[in-house]
Amino acid sequence: NVLAEIPGTELPNEVVLIGAHIDSWGLGTGANDNGCNVAMMIDIARQIKSLELKPKRTIRFVLWNGEEQGMLGSYAYTQKHKNELNDLKMKITVDIGSGKLDGFFVNGRKHLGGDLKKWLAPIDPEGTYINVPDPIIGTDNYDFLSQGVPNLVGKHDVYNYCSDYHSESDTYDKVNKQNLKDNTALIGWLTWQIANDLSYKPERHSRADVEQIIIDYKLEKGMKALRL
């Protein structure tokens, strides 16, 4: 994994973590899965630093390795940092290419839909983003979900993704560069809002809470298919 962070000024021990996986399936360049969103994370960090912005909570950027082999990098992170997970206030994952973001998966935390509307209202006053309660279990949010950490996964209007990912055709020419710019602005804005909203005080889910999400959303079959 590759990590960097911008320390918070008021609550430095509380962390908003955003990430994308740096590995790809091989053969091609892994441009939509997931190089474009690796570039997003780097650019958000660059912009915050260049503008000399100081978040209230710490913003941590992680480029995960081993995602294609079973989210190995994100699993290793949750194990190495397990004593810090209570202070992790949000984990945002972007891993579905360069289609335009049209909302977020809130991964069983339905109340996050209301929080998202508040955070996004200045740039989405008409509430056009659609946030869905369903959990995603096939990318780097999974081990944070299973550890009870609040987590979001970007929901994209699919663009050149299913036809090219995990194949040699997943190359840079397939990336929608305007969508990627727009998505970067959105994730940057959302990350900044969460890092500075001190009224946001989420609770970590218990094991029983996580098990109930697995039951409610019928995740067991998919988990077994992915050997989770």
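This report describes pockets, secondary structure elements and backbone features of a predicted model.

## Basis of the description

The model is predicted, so local features need pLDDT of at least 70 and side-chain atom pairs count only at pLDDT 80 or more, whereas totals for chains, interfaces and linings use all residues. Residues are numbered from 1 along each chain as its sequence is written, and side-chain values use heavy atoms, with hydrogens and water left out.

The largest pocket holds about 430 Å³ of space. Its lining comprises 17 residues, and the closest to the centre are Glu-67, Glu-68, Gly-138, Thr-139 and Leu-226. A pocket here is an open set of points on a 1 Å grid over the protein atoms alone, where a 1.4 Å probe fits and protein lies on both sides within 12 Å along at least five of seven lines; lining residues have an atom within 4 Å of a point. Grid points are joined across faces, edges and corners, and a volume is the space filled by probe spheres set on the points. By class, the lining of the largest pocket divides into eight nonpolar, five polar and four charged residues. Ala, Val, Leu, Ile, Met, Phe, Trp, Tyr, Cys and Pro count as nonpolar, Asp, Glu, Lys and Arg as charged, and the others, Gly among them, as polar.

The second largest pocket contains about 270 Å³ of space. It is lined by 16 residues, with Ser-146, Gln-147, Arg-207, Val-210 and Ile-214 nearest its centre. Helices α4 (142-146) and α6 (207-216) each supply at least two lining residues, and α6 gives the most, with five. Helices (H or I, at least four residues) and strands (E, at least two) are DSSP runs, numbered from the N terminus. The lining of the second largest pocket has eight nonpolar, five polar and three charged residues.

Four of the five residues of strand β5 (residues 101-105) are buried, where buried means under 20% relative accessible area, exposed over 50%, and partly exposed in between (1.4 Å probe, protein chains only). Strand β5 runs antiparallel to β6 (residues 151-156), and four bridges join the two; strands pair if DSSP finds at least two bridges between them. Leu-101 stands opposite His-156 in β6.

In helix α3 (residues 112-120), the buried residues are Leu-112, Gly-113, Asp-115, Leu-116, Trp-119 and Leu-120. They lie on the same side of α3 because they cover an arc of only 160° around the axis, the arc being that of the directions from the helix axis to the C-beta atoms. Their cover includes β4 (88-93), β5, β6 and α5 (177-196).

## Backbone exceptions

Most residues other than glycine have a negative phi, and most peptide bonds are trans. A cis peptide bond, with omega of about 10°, joins Asp-33 and Asn-34; Asn-34 is found in helix α1 (residues 31-50).

Met-71, although not a glycine, has a positive phi of about 55°. Met-71 lies in the loop between β3 (57-64) and α2 (72-80) and is buried, with a relative accessible area of 4%. Arg-227 also has a positive phi of about 55°. Arg-227 is placed in the segment after α7 (220-225) and is exposed, with a relative accessible area of 80%.

## Surroundings of Ile-6

Ile-6 belongs to strand β1 (residues 2-6) and counts as buried at 7% relative accessibility. Leaving aside neighbours within four places in sequence, Ile-6 is in contact with residues including Ala-45, Ile-48, Pro-55 and Phe-61; contact means heavy atoms within 4.5 Å. Ile-6 and Phe-61 are 55 residues apart in sequence and 8.5 Å apart in space, C-alpha to C-alpha.
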